[in-house]
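Colleague: I am new to this structure and would like to learn how to read it, one feature at a time. Could you take me through it slowly?

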Amino acid sequence: MARIVFTSGAYLGDVAPFVEPANRLAACGHEVTFVLPAGFRSLLGNEAFDFVPYPLDFSPSGMASDPMHERLLRHPWANQVRLARYWMRRGFVDGPDITRDALLHALHGADVLVTHPTLGAASIPVAQHLG
C-alpha cells in the first residue's frame, strides 16, 4: 500500500474536495495523512485519515480573527493581489522555518503528494526535495 499525503489550507472550499478521496484511500488500506491548519481539527479530526496540523493557522477561524483579512474580503475582486499576498504570508512567510520542518516531517517517506494550490507553493518544493 502507498503512503499518501494531502495538503490544503485557507477556506473550507479549498479543503473539502479532498476529504472524500482521502477517506476512500484510507478505507482501501493506504496510509493517508492530511496536513491541515489546526483550525480544521474540529471539522476533520475524526476522519479515516491521520490529521497532522500545519504549523501556521491558515484556516477560516485563524484568519477570521485578523482585521486585515476581514477588510480585504469586503472587496475580494478589488483586493485579489492583496489577498494573494496575504494568503502567502499567512500560509508560509510568517514562519518559513517551522513550515518547512513540518512539511519535511509529514512528507518524509511519502509515495504521493496531493495538494491544493493554497499549500502547493510550500509543499511541492518540499516533495521535490525529498524526491
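Predicted model: local features only at pLDDT ≥ 70, side-chain atom pairs only at ≥ 80, totals over all residues.

Colleague: Let us begin with burial: is Thr99 buried or exposed?

Modeller: A residue is called buried when its relative accessible area is under 20%. Thr99, which lies in helix H6, spanning residues 96-107, has a relative accessibility of 0% and therefore counts as buried.

Colleague: Which residues does Thr99 touch, once those up to four places away in sequence are not counted?

Modeller: With those set aside, Thr99 touches Tyr54, Pro55 and Leu56, and also Gly91 and Phe92.

Colleague: How should I read His69, and in which helix is its place?

Modeller: The place of His69 is in helix H4, which covers residues 67-73, and because its relative accessibility is 3%, His69 counts as buried. Leaving aside neighbours within four places in sequence, His69 is in contact with Tyr11, Met63, Ala64, Tyr86 and Trp87.

Colleague: Where is Gly95 found, and is Gly95 buried or exposed?

Modeller: Gly95 is found in the loop between helix H5, residues 80-93, and H6, and with a relative accessible area of 9% Gly95 is buried. Along the chain Gly95 and Gly120 are 25 residues apart, and their C-alpha atoms are separated by 16 Å.

Colleague: Turning to the packing of helices, at what angle do H6 and H7 pack?

Modeller: The angle between H6 and H7, the latter made of residues 117-130, is about 55 degrees, and their axes are 10 Å apart. An angle from 65 to 115 degrees would count as roughly perpendicular and one under 35 as roughly parallel, so H6 and H7 are oblique to each other. The crossing in which H6 passes H7 is right-handed.

Colleague: Which residues meet where H6 and H7 are in contact?

Modeller: From H6 come Leu103, Leu104 and Leu107, which meet Ala122, Ser123, Val126, Ala127, His129 and Leu130 in H7. Sorted by class, this contact of H6 with H7 has seven nonpolar residues, two polar ones and no charged residues.

Key. Residues numbered from 1 in each chain as written. Heavy atoms only, no water. Helix = DSSP H or I, 4+ residues; strand = E, 2+ residues; numbered from the N terminus. Buried < 20%, exposed > 50% of the residue type's maximum accessible area, 1.4 Å probe, protein only. Contact = heavy atoms within 4.5 Å. Axes fitted to C-alpha atoms, helices over the stretch in contact; angles between N-to-C directions. Parallel < 35°, antiparallel > 145°, perpendicular 65-115°, else oblique. Left-handed = near helix turned anticlockwise from the far one by under 90°. Nonpolar A, V, L, I, M, F, W, Y, C, P; charged D, E, K, R; others polar.
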